[in-house]
Amino acid sequence: MKSVIVLCLFVCTVFRAFGQESTDQQLANLYYNNGEYAKALEYFEKLVNKQSTKFDLLRYAECLEKTDNLKDAEKTLKRARTQFPADMEMPILLGEFYERTERADQATKLYNELIKTVSTSGYQTVELYDVFRKKGKTEIALKTLEAGRK
């Protein structure tokens with residue numbers, strides 16, 4: 001009998017924890033979608049500290065940027081880049097952040113380093129080209145393919 005009560009308490013605790021997490025996710029997305037970035041920031045911060053999914057990290061970084069926490073936004077994008085090293089979109093998102101914050105020289109340097117890094121792998125070259133192309137960076141995309149041919 002005692003073990004049944006303990007089991008029930010454990011199951012209730014687990015369900016409550018999952019319920020809270022989904023509530024935080026829902027509130028974060030609700031505030032984000034309504035353009036209330038300061039409110040969304042509080043919930044995304046909780047989510048990012050518990051579990052760092054790509055989706056949550058990027059929305060958290062965007063909320064930081066929209067609330068003029070540029071230093072923290074940059075740190076978050078760098079964290080996302082190291083947390084998802086195989087994702088070619090992450091460094092490009094960091095480069096776009098540099099461009100939005102009037103640091104085009106840093107963006108260009110980052111893009112050139114990326115191109116140099118992937119130019120030895122045909123698959124990565126095409127993948128990086130595709131991400132640049134989808135982001136509307138046609139000149140850099142072509143530069144990526146040219147570097148891959150050498």
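Predicted model: local features only at pLDDT ≥ 70, side-chain atom pairs only at ≥ 80, totals over all residues.
Residues are numbered from 1 along each chain as its sequence is written, and side-chain values use heavy atoms, without hydrogens or water. Local features need pLDDT of at least 70 and side-chain atom pairs count only at pLDDT 80 or more, while totals for chains, interfaces and linings use all residues.

Five aromatic pairs were found in a search of the whole structure; rings of Phe, Tyr and Trp (its six-membered ring) pair if their centres lie within 6.5 Å, and planes under 30 degrees apart count as stacked, over 60 as edge-to-face and the rest as tilted. The pair of Tyr 32 and Tyr 37 is edge-to-face, because the ring centres are 5.6 Å apart and the planes stand at 75°. Tyr 32 is buried at 13% relative accessibility, whereas Tyr 37 is partly exposed at 21% (buried means under 20% relative accessible area, exposed over 50%, partly exposed in between, with a 1.4 Å probe and protein chains only). Tyr 32 and Tyr 37 form one aromatic cluster with Phe 44.

Tyr 111 and Phe 132 also make an edge-to-face pair, with centres 5.3 Å apart and planes at 90°. Tyr 111 belongs to helix 6 (residues 104-118) and Phe 132 to helix 7, so the pair ties together parts 21 residues apart in sequence; helices are DSSP runs (H or I, at least four residues), numbered from the N terminus. Tyr 111 is buried, at 2% relative accessible area, and Phe 132 is buried at 0%.

Helix 7 (residues 122-134) also holds Val 126, which is partly exposed at 49% relative accessible area. Val 126, Leu 142 and Leu 145 make a nonpolar surface patch of about 230 Å². Patch residues have over 30% relative accessible area and no salt bridge, with like charges joined within 9 Å and nonpolar side chains (Val, Leu, Ile, Met, Phe, Trp, Tyr) within 5 Å; a salt bridge is a side-chain nitrogen of Lys or Arg within 4 Å of a carboxyl oxygen of Asp or Glu. Accessible areas come from the Shrake-Rupley method with a 1.4 Å probe, and for residues only the protein chains shown count as cover.

Conventions: Helix = DSSP H or I, 4+ residues; strand = E, 2+ residues; numbered from the N terminus.
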